[in-house]
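Good morning, and thank you for the time.

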Amino acid sequence: MASKAFHLGYFLNGSAVQSFGMPFSGSIAKTWSSGQFYVDTARALERGKFDFVLFEDAYHVPNAWEGRHDVHVENAIAIPRIDTIVLATFVAAATRNLGLVATLPTFAYHPYLMARLIGSLDAVSNGRGAWNVVTGAQPPAFQNFGMEMDHAVDRYAHATEYVELVKQIWNSWDSDSVVGKDGVFADPAKVHNVEFQGDFIQHSGTALISGPSPQGRPVIAQAGASKEGKVLGATHADVVIATASSIEGMKDYRNFVREEILRQGRNPDDTKVLFLIAPIVGATEEEAQLRARLRDEQARERAIQTLADAADRMNVDLAKLPLDEVLSDDVIDSMYTAGQRSSLETFKKQLRGRTMRELGGQMGAAKSEWVGTPDQVAGRMQEIADEVGGDGFMITATKGGHTNRFVAEIVDGLVPALQARGLVREEYEHSTLRDNLQAF
Ligand SMILES: Cc1cc2nc3c(=O)[nH]c(=O)nc-3n(C[C@H](O)[C@H](O)[C@H](O)COP(=O)(O)O)c2cc1C
């Protein structure tokens, strides 16, 4: 039986100084903020007929490691960042078909402003706008917005209402409300005020000032790992991004999301589940293996940077723990966060039997199943898609590895190998992101 075609997204680790200090990163310390670096990436992805690029984001300079920002500032780890809605808009003007996913957190924007920003991105990109829904979980980010540290406690209950309201605001203009002739711009009876009464959010307001946008409702992406996060994705997202390190994990994730969608009485095929992978391709298998070994060496050298990044994500000061001792189960069990619990649980599992420095070094390392020639990696993706199902993959570089060279290896190496197997599109079917996502 022929394999089913699948979708490709690209996960860009932030809008920051990509790959600073890594080989082939060009003059990134100077060029990172011009926007042109991201235009180059986006145009290449469009050449590869990717469905979309997702710009990850954050709202603070991390300081979880030793309570200081030093490791992050010295090494440009995920900082500084350009605002992703500005970046996506800039990139929109230089592209025609690529979907543009901006990341905006539910704690930092009023829902009306969120609806307007993403709706406006959808408008100026002619229907390619999308929102990556994140709740944020880091106290320093909440602090930047004058919020309480424990804001994270009910983050998904709050986010569920928030997304419902944003959708309602987008729906304040019916899809056939604009007439555009005979002296009538839009039918007043088809433009609605918005009323919303939730446990966390109450809202009473007018229709959306930016009007209807080409997709009506821009595309929503989400990448939850906890049960609550996955339920939010199943409830509201068009694209769910799953991180899983095994076939079983991928199956579990996909089944959970699809069953939840069915339980809510909707069609699971309307929501695309994409698996995050970080391939390393070479012209020959030996070259790919050599590159993976070099990558692993770099990852070991950057163990502290990687740990500092994890400390920030999990909101745990890992620097308080000894770097070169295997920690006892008691010490590991006592680690707690009010932030991303699922990230901490994975970290704790991986820490058993290893020192922190060893784990930090391994976290940025290559995953052997994604190392090979373009055809070998394409074959592996095909096997997984056949066995697990799923609607495609989010490609990303191993940590700190996003360069123009990496993008070319994917777009001009891996993508043609996937196309030769009939697994990905050779031309865009439609002009809007949602239609392309729903094309197969
Ligand atoms: C591919 C991917 C992209 C993500 N992008 C962001 C992001 O840009 N900003 C952010 O604050 N969190 C981001 N996250 C974190 C998720 O939104 C989520 O919080 C995380 O996967 C942990 O899941 P949980 O919140 O259900 O515990 C991302 C996660 C993944 C896997």
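I begin with helix 10, which supplies the largest share of the lining of the second largest pocket, namely four residues. Helices here are DSSP runs of H or I with at least four residues, strands are runs of E with at least two, and both are numbered from the N terminus. Before going further, I note that this is a predicted model, in which local features need pLDDT of at least 70 and side-chain atom pairs count only at pLDDT 80 or more, while totals for chains, interfaces and linings use all residues. Residues are numbered from 1 along each chain as its sequence is written, and side-chain values use heavy atoms, with hydrogens and water left out.

The second largest pocket has a volume of about 410 Å³. Of the 19 residues that line this pocket, the closest to its centre are Pro 23, Arg 291, Arg 295, Gln 298 and Arg 405. Two or more lining residues come from each of strand 12 (280–281), helix 10 (285–301) and helix 16 (404–420). By class, the lining of the second largest pocket comprises nine nonpolar, six polar and four charged residues. Ala, Val, Leu, Ile, Met, Phe, Trp, Tyr, Cys and Pro count as nonpolar, Asp, Glu, Lys and Arg as charged, and the others, Gly among them, as polar.

As to method, the search uses a 1 Å grid over the protein atoms alone: a cavity is a set of points where a 1.4 Å probe fits but cannot get out, a pocket is an open set with protein on both sides within 12 Å along at least five of seven lines, and lining residues have an atom within 4 Å of a point. Grid points are joined across faces, edges and corners, and a volume is the space filled by probe spheres set on the points.

How many cavities of 30 Å³ or more does the structure hold? There are three. The largest cavity has a volume of about 320 Å³. Its lining is made up of 25 residues, and the closest to the centre are Asn 13, Ile 77, Arg 302, Lys 399 and Gly 400. Helix 11 gives the most, with three residues. By class, this lining has nine nonpolar, 12 polar and four charged residues.

Helix 7 has 16 residues and reaches 22 Å from its first C-alpha to its last, close to the 22 Å expected at 1.5 Å a residue; the expected span is 1.5 Å times one less than the number of residues. Helix 7 is mostly covered, with 12 of its 16 residues buried. Buried means under 20% relative accessible area, exposed over 50%, and partly exposed in between, with a 1.4 Å probe and protein chains only. The buried residues of helix 7 include Arg 155, Glu 161, Lys 167 and Trp 170. They pack against helix 5 (111–124), strand 4, strand 7 (194–197), strand 8 (202–205), strand 9 (219–222) and helix 8.

Helix 9 (residues 247–263) has 17 residues and spans 24 Å, close to the 24 Å expected. Its buried residues are Ile 247, Met 250, Tyr 253, Arg 254, Val 257, Glu 260 and Ile 261. Their cover includes helix 8 (227–236), strand 10 (239–242), strand 11 (272–277) and helix 15 (374–388), where contact means heavy atoms within 4.5 Å. Helix 9 is followed by Gly 265, whose phi is positive, near 80°.

Finally, the aromatic rings. A search of the whole structure finds 14 aromatic pairs. Rings of Phe, Tyr and Trp (its six-membered ring) pair if their centres lie within 6.5 Å; planes under 30 degrees apart count as stacked, over 60 as edge-to-face and the rest as tilted.

Tyr 10 and Phe 50 form an edge-to-face pair, 6.3 Å centre to centre with 65° between the planes. This pair links distant parts of the chain, 40 residues apart: Tyr 10 in strand 1 (residues 7–12) and Phe 50 in the loop between helix 2 (36–47) and strand 2 (52–55). Tyr 10 counts as buried because its relative accessibility is 0%, and Phe 50 is buried with a relative accessible area of 0%.

Trp 131 and Trp 170 are likewise edge-to-face, at 6.4 Å and 85°. Trp 131 lies in strand 4 (residues 129–134) and Trp 170 in helix 7 (residues 155–170), 39 residues apart. Trp 170 counts as buried at 3% relative accessibility.
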